[in-house]
2 protein chains.
Amino acid sequence: MKKVTINSVAEYAGVSKKTVSRVLNNEPNVSPATREKVLKVFKELDYTPNPIARGLARNRSFIIGCLYDNPSKSYITRVQSGALEACHKHNYNLLIHPCELRGEALIENIEHLLTTSRLDGLVLTPPFSDSQELIEFLQKKGINYARVASAIEDETSISVRSNDEQGAFEITEHLISLGHTRIAFIKGHPDHSATEQRFSGYQKALAEHNIAFDAELVAEGNFSYHSGADSAKEILDLQPRPSAVFASNDYMAAAVLKLATQSKLNVPEDISIAGFDNAPIARHIWPGLTTIAQPVEEMTRQAVEQLILQISDPDVEKTQTTLEAKLIVRESTSKL
Amino acid sequence: MKKVTINSVAEYAGVSKKTVSRVLNNEPNVSPATREKVLKVFKELDYTPNPIARGLARNRSFIIGCLYDNPSKSYITRVQSGALEACHKHNYNLLIHPCELRGEALIENIEHLLTTSRLDGLVLTPPFSDSQELIEFLQKKGINYARVASAIEDETSISVRSNDEQGAFEITEHLISLGHTRIAFIKGHPDHSATEQRFSGYQKALAEHNIAFDAELVAEGNFSYHSGADSAKEILDLQPRPSAVFASNDYMAAAVLKLATQSKLNVPEDISIAGFDNAPIARHIWPGLTTIAQPVEEMTRQAVEQLILQISDPDVEKTQTTLEAKLIVRESTSKL
DNA sequence: CGCAAGTCTGACACCGGTGTCATAATGTCG
DNA sequence: CGACATTATGACACCGGTGTCAGACTTGCG
């Protein structure tokens with residue numbers, strides 16, 4: 001398997017390598033005859049251009065990196081799927097890089113990432129979207145980035161978010177409209193800005209309907225199924241038991257459902273349960289979870305799309321977009 | 001933000017770029033004084049070497065590609081997590097590339113991938129692990145690859161699998177030992193070799209215990225939750241109803257559980273349900289699913305580890321490894 | 001002290017493409 | 001048919017590193 005380079009193609013076709021390069025990139029000013037000839041040699045020698053060499057010359061890798069630190073697998077796959085869609089549309093590829101926000105050496109870690117592969121841009125997903133430290137580092141290094149689902153308003157960088165507070169408000173109001181007043185809440189991971197947003201939506205809905213906020217009804221979770229199970233235990237033991245639980249994501253809601261069922265409670269007759277995200281599990285269990293559909297793929301897709309735009313033209317305006325979240329009512333919530 | 005290259009560092013430090021390169025790569029034969037001086041300039045200028053230039057010179061990208069076409073998100077994230085572990089250990093990065101086995105242009109798709117990013121190797125996950133067409137293409141192109149969970153015995157390439165047939169045999173035997181004889185089976189996607197393996201394990205266990213195989217009890221699934229729900233409908237309508245269902249993966253088993261519960265059947269009292277894979281959902285639902293734990297992360301980790309070994313030394317022996325699957329009994333199966 | 005071996009360092013080609021610019025070939029038009 | 005615009009092509013530097021090799025400088029030891 002000897003290597004076929006642009007030089008061998010040029011030699012074989014009897015033209016200069018620049019002409020081969022022109023054919024390769026569909027540049028104008030190549031006579032049809034020459035183009036044909038070169039294309040034939042491509043086939044004959046089974047030539048594939050070397051992306052690294054091309055990258056060096058153009059100072060581009062056509063690779064976008066995706067950063068995440070998230071216990072929800074489904075969130076991650078949705079993020080990836082949206083990012084990939086945008087990448088492939090523009091002939092980019094996606095490199096994934098999970099790492100810990102609280103790791104002792106986040107910046108070193110990212111620095112190492114940038115030393116081992118040159119990335120044209122970075123998509124930051126929660127909780128990185130809100131990491132001031134990381135953002136400053138990227139700016140200093142002059143790395144393009146886009147932020148997904150960040151709470152920070154920042155006109156100097158691309159950001160696509162969904163309205164978490166509004167979503168949490170709506171789902172809480174949904175529970176209230178069903179007659180619930182004693183509604184427990186499970187918080188998400190403190191590093192995620194969504195946690196505060198969703199909590200705030202919950203509180204605002206209570207206030208709006210003159211229901212006193214009761215700190216006893218609030219449990220600390222971290223978005224993981226496991227943390228949901230722990231919180232569920234606390235909540236189900238409360239006296240009197242809340243008639244509804246709103247968990248900050250579907251995994252934790254699923255955990256509440258599992259523990260309630262194990263305790264011989266009927267859902268939703270004995271207790272209503274609501275989640276957030278519309279993760280696959282929300283419809284894979286019975287009863288299906290009432291939840292808020294967050295357009296994760298779409299957010300990420302738009303973020304990456306903007307990012308690629310910015311890579312090709314650094315002067316393009318950096319947009320801030322907010323997408324709507326949508327209430328999805330399933331079987332896990334019912335009238336009191 | 002002006003670029004800091006090896007040339008500027010060399011000039012600033014008053015040494016040749018080769019010496020800078022030596023310091024960069026921790027090569028011997030640099031006097032401590034010179035090394036110090038250069039390292040100081042690195043800091044001072046905030047120099048980061050360009051991975052693309054390095055890649056060109058070394059003919060390496062230090063990027064591994066991961067191919068998949070799989071409806072199970074949890075399978076994919078487990079694959080990614082195992083692959084990432086091995087990659088990061090050796091300073092590689094991971095590029096993900098989902099694509100369709102049956103897409104009109106698989107080879108063109110992969111060719112395009114290789115044209116847009118130079119990958120040092122490829123991890124093939126099911127169903128690509130068994131795609132003869134793809135494997136021939138990669139061999140022709142001289143691309144290193146490793147196959148995960150493939151059924152094909154092939155001494156010429158790296159392969160790490162788990163014993164699916166044995167696992168299916170065990171779980172079927174588990175059901176039989178509980179007194180079940182009318183055991184329905186839901187097949188996986190026909191493109192996946194695991195489908196045939198698991199089916200075969202099911203049949204062998206029946207035979208071993210002198211239970212006649214009944215084709216009526218076999219439904220065609222494709223590993224997706226949705227297909228499991230379709231199959232579940234068929235199976236639950238059978239007269240008499242089977243007393244147990246063994247679905248080829250946990251998503252389909254979860255679908256059976258959901259439909260059974262919706263039909264007011266109690267699991268496992270009225271019907272036992274078993275899955276395969278030990279996906280997160282198996283323990284996130286109630287009752288938890290009896291299933292086979294497949295070491296997906298470990299398989300992928302080992303495959304990538306071998307792959308990286310092969311990249312650095314093409315003459316290293318290509319190993320074939322088989323890992324054990326393990327029966328996990330939860331609440332979804334019980335005595336007849 | 002002299003010579004061989006070992007340590008440091010830099011000049012230079014090279015990896016495989018792309019950008020710039022000069023020049024040759026062809027076309028257009030009065 | 002000559003002057004000029006346009007198209008086609010190649011020479012050459014360059015992207016930012018690494019590999020090879022030669023030469024200068026140390027060191028060890030008989």
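Which element gives the most to the surface near DNA strand D? In this predicted model, the answer is α4(B), with five residues.

## Around DNA strand D

Let's start with who sits by the DNA. A set of 27 residues surrounds DNA strand D, and the closest include Thr19(A), Arg22(A) and Ile6(B). Helices from both chains join in: α2 (17–24) and α4 (51–58) of chain A, along with α2 (17–24) and α4 (51–58) of chain B, each bring at least two residues to that surface. Sorted by class, the surface has ten nonpolar, ten polar and seven charged residues.

Asn50(B) uses a polar backbone atom, 3.2 Å from a phosphate oxygen.

## Holes inside the protein

There are three cavities of 30 Å³ or more in the structure. The largest has a volume of about 120 Å³, and 13 residues line it, with Asn70(A), Tyr75(A) and His192(A) among the closest to its centre. Its lining takes at least three residues from each of domain 2 (61–162 + 296–323) and domain 3 (164–294) of chain A.

The second largest cavity holds about 60 Å³ of space. It lies between domain 2 and domain 3 of chain A, because both give residues to its lining. Here α9(A) gives the most, with three residues.

Technical notes. Residues numbered from 1 in each chain as written. Chains lettered and ligands numbered in written order. Predicted model: local features only at pLDDT ≥ 70, side-chain atom pairs only at ≥ 80, totals over all residues. Heavy atoms only, no water. Near = heavy atom within 4 Å. Polar contact = N/O pair within 3.5 Å; in protein donor to acceptor, adjacent residues only side chain to side chain. Helix = DSSP H or I, 4+ residues; strand = E, 2+ residues; numbered from the N terminus. Nonpolar A, V, L, I, M, F, W, Y, C, P; charged D, E, K, R; others polar. 1 Å grid on protein atoms, 1.4 Å probe; cavity = no way out; pocket = protein on both sides within 12 Å on 5 of 7 lines; lining within 4 Å. Points joined across faces, edges and corners; volume = space filled by probe spheres on them. Domains from an automatic or database assignment.
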